[in-house]
Amino acid sequence: SGARHYNIRLVLMQLMPHDRSVTGEVDLSLDGAQDGVAATYNFEQLVPEDGNSHWLFAFKYFQDFDRELVLPEGFKPEKVNIQVISRTKSIASVKQSFDWLAGSG
């Protein structure tokens, strides 16, 4: 069942130099096909059983994450949607989508 386990690496950084830390939470979802039918899974549905379904961050310059995802049986991911929800007033939240590109093996 290791074939359905993936590591996703995310690096968050502040492009403008600030003296303040930015805090918040990352929200991730996968769009794809479940047995041929369009489906979306959110992060809570993709974390390993013993994993933490909260993805919190707090950093001043940058923060580097490595999180494990377990894909449902029969699911073929096509897009990764990342939303970085800022809890810091002057820093905006960011939402971006990427094509799913998994390394072979």
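## Terms and basis

A residue is called buried when its relative accessible area is under 20%, exposed when that area is over 50%, and partly exposed in between, as judged with a 1.4 Å probe on protein chains only. By this definition Leu-69 is buried, because its relative accessible area is 0%.

The model described here is predicted, so local features need pLDDT of at least 70 and side-chain atom pairs count only at pLDDT 80 or more, while totals for chains, interfaces and linings use all residues. Residues are numbered from 1 along each chain as its sequence is written, and side-chain values use heavy atoms, with hydrogens and water left out.

## The nonpolar core

In soluble globular proteins, nonpolar side chains tend to be buried together. A nonpolar core is defined as a set of buried Ala, Val, Leu, Ile, Met, Phe, Trp, Tyr and Cys residues joined through side-chain atoms within 4.5 Å. The largest such core in this model holds 24 residues, of which Leu-12, Leu-28, Leu-30, Trp-55, Phe-57 and Leu-69 touch the most other members. Two or more residues come from each of strand 1, strand 2, strand 3, helix 1, strand 4, strand 5 and strand 6, where helices (H or I, at least four residues) and strands (E, at least two) are DSSP runs numbered from the N terminus.

Leu-69 lies in strand 5. Leaving aside residues up to four places away in sequence, its contacts (heavy atoms within 4.5 Å) include Ile-8, Leu-28, Leu-30 and Phe-43. Leu-28, with neighbours within four places likewise set aside, is in contact with residues including Ile-8, Tyr-41, Trp-55, Leu-69 and Val-80.

## An exposed loop residue

Asp-35 sits in the loop between strand 2 and strand 3, and Asp-35 counts as exposed because its relative accessible area is 62%. Most residues other than glycine have a negative phi. Asp-35, however, has a positive phi, near 50°.

## The largest pocket

A pocket is found on a 1 Å grid over the protein atoms alone, as an open set of points where a 1.4 Å probe fits, with protein on both sides within 12 Å along at least five of seven lines; lining residues have an atom within 4 Å of a point. Grid points are joined across faces, edges and corners, and the volume is the space filled by probe spheres set on them. The largest pocket contains about 390 Å³ of space. Its lining has 20 residues, and the closest to its centre are Leu-12, Met-13, Gln-14, Val-84 and Val-94.

Strand 1, strand 4, strand 6 and strand 7 each supply at least two residues of this lining.
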